[in-house]
Amino acid sequence: MNSLDRTLELFAMREPDLALVNGAQHKLEALVAARVSTAAARRPVRAARGWLAAAATAAVVAVAMLWLPFGSAPVLAFAKIQEHFRDFRTLRFDVEQRMDGRLVMESRVSVTYDGNVRTDVGDDVTVIVNSTERRVLTLMHRSHVAIPSPLDKPATKEDALAWLDDIRDFQGEAKALPKARWIRGQRAQGWQLATAAGEIVLWANDEGLPLEMSLGSSTPIQLSFDFEFNPSLDAKYFSTEIPAGYSRGESED
Amino acid sequence: MRTPILASAAAVSGAAGEDIAALARQYGPVVFRAAWRVLGGRAAAEDVQQQVFLRLIESPPGKVESWPAYLTTVATRLSIDHLRRQRRWKLLAPLWKSDEPEPDDSPAEDAERAEASRFMRAALARLNPRDASCFVMRHLHGLAPAAIGAALGLSENHVSVSVHRARKALEAIAAKELSR
């Protein structure tokens, strides 16, 4: 065996620990889910819902799940909760994903009424969907790589109104939970919704302002949401310009 | 200019997003391992793994004969690119802290293996990218020349020539290092 063969043999015998592989896999699946949803929003049929489709792009699980309670409650009191979702200027929510109780992913999603969405997945990845600029920017922070891509389907008012009509017409059932909770110093009423996606529990204060939501309590994967309505979000927060210090990643060589 | 790998991926549309999510679930670990073998660091390997699937979403391939071979090929090419960028950066800023991958091996890793890894990464970054990719896929990932050729859009003979050329270049680099 010559020197190069020996060097190669030593180099090739290394394999990553399973924990490294699994950790990377969790992050990958969350990122792919977000970007697959972005791509879906660009397809004409699915983009018919306008900016909501764009919104659903980056926050795949989060926004999709957020969407569900809108149309699931004929109860009058629950309608007040729907109004908050319907009328917000900006919305920010933190999502925790747990697997059998173990925290596997944290993300923060920020949404504006006109369809801009920014999703920060941990400290690793940010996906920005800017409906005004019709661009998507993915930032990979550790490697300082920025990958821009077009958002093909423009957002329109008509689409937005169609989405609102969909929500208003939706029929479902919301069950008020018997016991109240205190969340961030506010008394919160719980609502249980049976949806196609599973059981959702949504907590809102006495004014119907949604505070928290949980999904999948009886499944191995649980999601919890912590809402903040109408926070101040600078337009720069949704900029799809490549930030200083980042190099442009290309889809094709 | 597109590489044959990505040109073939972009040429045919087909794989739906849901399919790519399924591919990520099934082959994500394969891709991570392929990148890690070349790069030796968690963060860099994760970046490559994510880029592989982001590219699939942006340019879904149509017909792929072997997904593991295809994905391993893309991961290898991106890993080689990463090594080349790293090398360029070091050439530009030699006095700055080096961007070596963080060690995932135990501290007790023997010096000989560590030196072998350092040499191979540095040397691969200096090769023609296609030759380096063929060499890594053949000798590090253990892919057959036919599978490499199918994934890269090259003939089996072309792959063998590339592997041979890479080997000769690596031997020359090693000899040069020894003579210093």
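**Notebook: a strand in chain A, helices in chain B**

I began with the turn: E4(A) and E5(A) make a hairpin with 4 residues between them, and A:Arg134 in that turn has a positive phi of about 55°. I note here that I am working with a predicted model.

**Entry 1: the strands around E4(A)**

Next I looked up how E4(A) and E5(A) pair. They run antiparallel, joined by 6 bridges, and E5(A) covers residues 135-140. To get my bearings I picked one pair of residues: A:Thr126 stands opposite A:Leu139 in E5(A).

What does E4(A) pair with besides that? I found strand E3, residues 117-121 of chain A, which pairs with E4(A) in the antiparallel sense over 5 bridges. Here my landmark is A:Val121, which stands opposite A:Val125 in E4(A). E3(A) and E4(A) also form a hairpin, with 3 residues between the strands. In this hairpin A:Gly122 takes a positive phi near 55°.

**Entry 2: buried or exposed?**

Is E4(A) mostly covered or mostly open? I checked residues 125-130 and found 6 of the 6 buried.

**Entry 3: two helices in chain B**

I moved on to helix H5 (residues 111-124) and helix H8 (residues 156-179) of chain B. They pack at an angle of about 120°, and their axes are 10 Å apart. Why do I call them oblique? Angles of 65 to 115 degrees count as roughly perpendicular and those over 145 as roughly antiparallel, so H5(B) and H8(B) are oblique to each other. Their crossing is right-handed.

Which residues touch? From H5(B) I listed B:Arg118, B:Phe119, B:Met120, B:Ala123 and B:Leu124, and from H8(B) B:Leu170, B:Ile173, B:Ala174 and B:Glu177. I sorted the residues of this contact into 7 nonpolar, no polar and 2 charged.

**Entry 4: one serine**

My last stop was B:Ser79, which I found in helix H4, residues 67-92 of chain B. Why does B:Ser79 count as buried? Its relative accessibility is 0%, and the cut-off for buried is under 20%. I set aside its neighbours within four places in sequence and looked for other contacts of B:Ser79: I found B:Ala35, B:Val38, B:Leu39 and B:Val48.

Definitions and conventions: Residues are numbered from 1 along each chain as its sequence is written. Chains are lettered from A and ligands numbered from 1 in the order in which they are written. This is a predicted model: local features need pLDDT of at least 70, side-chain atom pairs count only at pLDDT 80 or more; totals for chains, interfaces and linings use all residues. Side-chain values use heavy atoms; hydrogens and water are left out. Buried means under 20% relative accessible area, exposed over 50%, partly exposed in between (1.4 Å probe, protein chains only). Two strands pair if DSSP finds at least two bridges between them. Axes are lines fitted to C-alpha atoms, for helices over the stretch in contact, and angles run from 0 to 180 degrees between N-to-C directions. Angles under 35 degrees count as roughly parallel, over 145 as roughly antiparallel, 65 to 115 as roughly perpendicular and the rest as oblique. A crossing is left-handed if the near helix is turned anticlockwise from the far one by less than a right angle, and right-handed if clockwise. Contact means heavy atoms within 4.5 Å. Ala, Val, Leu, Ile, Met, Phe, Trp, Tyr, Cys and Pro count as nonpolar, Asp, Glu, Lys and Arg as charged, and the others, Gly among them, as polar.
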